[in-house]
Structures are given as C-alpha cells and as structure tokens.
Amino acid sequence: MQRYDYLIVGAGMVAANAVDGIRERDSEGSIGILGAEPRGPVTRPALSKKLWTDPEFGYDKIWMQPEQDPGTTLHVDTRVSAIDRQARKVTTRNGETFGYGQLLLATGCDPIRLDLAESERVRYFRSVDDYDHLRRLAGENRHIAVVGGSYIGSELAAALIQNDCRVTLICPEPVLGGGMLPPEVADRLHQTYLDHGVALLSGSKVKAGREADGTVTLELDDGSELAADGVMFGLGVEPCTELAQAAGLEIDSGILVDERLRTADAAIYAAGDVATYPDRILGRWHAEHVDNANCQGAAAGRIMAGSDEAYTHTPYFYSNVFDIAWKALGRLDATLDIVADSHADKGVYYYLESGRVVGVLLLGFDEAPLDAAREVLAEPGPQDATTLSGRIPLS
C-alpha cells in the first residue's frame, strides 16, 4: 500500500490549487492525486471558451501540472471506489490501496445524461477528451446540435458558430437565459445568438436520440426531429457524492463541510464543485465555478497543512459570449424582484428576496466591482430601487 501525507481524490482544478496551498505551509509532505480521467488537471473553462475564441491561447496552456512538484505523484485512470475511515485508506476499482494522513475529496461533478450513449458524434461535454472529440468534429460547415441553454451549452454554441460550424442550440426556456437573467439582458442575449447565425430552438427539450450512418437524430418534446453531424450535451452537472456518502459523510447537495472545509471526519476535507460549505455572506452554499475551485482548493491545502484560517471567500462566476460579458455573485433567479441600474450596454442588476439583495449581476464592466457587490450582499437590508440606485457606480 502506498501512503501519502496528503491524498487528494479527484484530479481537477481543486487538486492543482490544493497542491499549491499545501506547499505554502509544508514543503516536504508527500502528496498523492488520484484522478479518474486519463490526464491531469486543466483549466476547465478554457475548454468551452478561450481554446475556441483566442488564437493566442494554445492547447499547451490548459495544463496545470501539479505533478511537477517533486513531492507530488499524479495517478491517472484511477477511480476510487471506497474509503476506509478507520484505517485511513482508500481502495480503487482495480484493487489498489492508498493510505493517507489527511484526505481531500475533490471529486467534482458529472454531467447529466440522457439515454443516448456517447460516441465520436455524441458527447456530454465536460473533459479534455470531450473537447478533443469536438475539435475533430467541428469545422467544414458541419451541423452541430448543442443541447442545453446554461453555461456550457450557450458557450459551446457561441464557440462553434465562430469555428466554421452550423449550430442549432436547443434550450428549454422560451428566451435564452430567461430563467436567470433580467428580461432585457436575456432578450439581448437571445437576439445576439440569432444575429450570429445560431438557430435557436427555444422552449424545446430532447426526449430521445439515435445515431446511424454518421448522423445523430434527436427527437424533441413536440414530436419533431432534428438531424445533425454531431450533438454536444450541456444539461448541467451533479456533484459526485457517492463515495463520500458510502463512507458515512453527510450530504446536502454536496459533501457537507464546515468553515474550515472539514467534514465530520477530522481527517477528511472536501472542496470545489462537490462541497457544500457555510459562505460568510450567502449562508449554506454550493458553488460549481472556477473562482471557487481556485480559492477553495488553495485554502483546503493550506488548512490541511496547518493553517488556522477559515474559508471566507465569496466566489463569483462569469460568462463571456460574443460581445456580452458579465460576472455575478449569489443567486441569479429571474423570478426574484430585480432592480436595474443600467445605461447602454453596462449595468448592475440586484436580485432581491424579502427586501434583501441575494444576487448581483455586473454586466459589461472591464473591471467588475466584485468587492462592492459583496458589500451589498452582506447588508441585511431592507433595500429597494431608491437605496440601490448608484450604489455601485457604472463608471
């Protein structure tokens, strides 16, 4: 049995940042990373953004390479099947065992899937392997159907239409982004996709699909069918909590941790997409975004290596498609009361629940005033259009 002072299950962005965090406090402790995918950590947002839209951002720039640290060993194609908390060891599907002094669960999320198997032409987009498949398929005016109007789906559709593809985007909302964005912003987003040549099948869902003779045919909920050269699904994700749950750890939309990212087991921590933690502003929170992976991963590493800190960062999330760029914190739910403070293509949108701001959308800023948004979120209220007008300057 191999044993590491720090064992990390999951080889994503959290793992890479955790190695950096550990090394801030402990230069000698042994670190092991067990990753189910065949390659190491990458800057995952680039897979649906910069690799498609920035010609100066090459494939070589996505790799994070924590294994370059001399005391860190990366094990790929290694899926953990069980945790023995008493013996402080994990077992993999192929029967290997790894012991640990402290364990970080950074298992991330898996994409939501339909009853349509993956192939060269059908992918549930998440990994570098999915990006590689799509790159081989894209171009030459091929028709790619993208299913799902949230972050991955909308970003992939924007990327593909700019890379010599015909694109159909299928989303359940009547207006793209309408469940999350203020109506005027969602309308602009929707029209921007149309203006760039994306065929939008809004208000539609995929019921089933089949693949034959180099074509994928999707059956929609209105009974119609759509044929394409390939299909990319971006239906959202689900946290990979099965391993933790089987080990008896508490689950609440993710692995439940305290303000020091520790589970009920003092030797086991969780961070990133898979963790549910007490945000100092937002309360019990679950964040599946890159800022949280970076900051929470590094904090988990430092804490495991002896730091007495708590995780106090409230993360932001963002999207960039065509000429529309925004960052946000908290809850973006279009059914909430929304106070708009906007001019031209720039705006601050406050989402209120019972008079308290629970989400802030910052649209069109070169340098988004994230700390100012956090200050507003931290205030108990009550707030309204009068108190919020000009609170965060547009210039």
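Residues are numbered from 1 along each chain as its sequence is written. Because the model is predicted, local features need pLDDT of at least 70 and side-chain atom pairs count only at pLDDT 80 or more, while totals for chains, interfaces and linings use all residues; side-chain values use heavy atoms, with hydrogens and water left out.

**The second largest pocket**

The second largest pocket holds about 340 Å³ of space. A pocket here is an open set of points on a 1 Å grid over the protein atoms alone, where a 1.4 Å probe fits, with protein on both sides within 12 Å along at least five of seven lines. Its volume is the space filled by probe spheres set on the points, which are joined across faces, edges and corners. The lining consists of 19 residues, and P45, K49, K50, Y318 and N320 lie nearest the centre of the pocket; a lining residue has an atom within 4 Å of a point. At least two lining residues come from each of helix 2 (50-53), helix 4 (151-161), helix 7 (290-304) and strand 21 (317-321). Helices (H or I, at least four residues) and strands (E, at least two) are DSSP runs, numbered from the N terminus. By class, ten lining residues are nonpolar, six polar and three charged. Ala, Val, Leu, Ile, Met, Phe, Trp, Tyr, Cys and Pro count as nonpolar, Asp, Glu, Lys and Arg as charged, and the others, Gly among them, as polar.

K49 also lies over the face of Y318, at 4.7 Å from the ring centre. For a charge to sit over a ring, NZ of Lys or CZ of Arg must be within 6 Å of the ring centre and within 35 degrees of the ring normal. Likewise, the charged end of K346 sits over the ring of F365, 5.0 Å from its centre.

**Aromatic pairs**

The whole structure has eleven aromatic pairs. Rings of Phe, Tyr and Trp (its six-membered ring) pair if their centres lie within 6.5 Å; planes under 30 degrees apart count as stacked, over 60 as edge-to-face and the rest as tilted. Two of the pairs are set out below.

| Pair | Centre distance | Plane angle | Class |
|---|---|---|---|
| Y59 and Y131 | 6.0 Å | 20° | stacked |
| Y151 and W326 | 6.0 Å | 50° | tilted |

Y59 lies in the loop between helix 2 and strand 3 (72-75) and Y131 in helix 3 (residues 128-137), so their pair ties together parts 72 residues apart in sequence. Y59 is partly exposed at 29% relative accessibility, whereas Y131 is buried at 5%. Buried means under 20% relative accessible area, exposed over 50% and partly exposed in between (1.4 Å probe, protein chains only). Ring pairs link W52, Y59, W63 and Y131 into a cluster.

**A buried threonine**

T314 is in the loop between helix 7 and strand 21 and is buried, at 0% relative accessibility. The side chain of T314 makes a polar contact with the side chain of D279 (2.8 Å). Such a contact is a pair of N or O atoms within 3.5 Å; within protein, one must be able to donate a hydrogen and the other to accept it, and residues adjacent in sequence count only if both atoms are side-chain atoms.

**Backbone**

Most residues other than glycine have a negative phi, and most peptide bonds are trans. The peptide bond from G381 to P382 is cis, with omega near 5°. Q65 has a positive phi of about 55°, and R88 has a positive phi near 50°.
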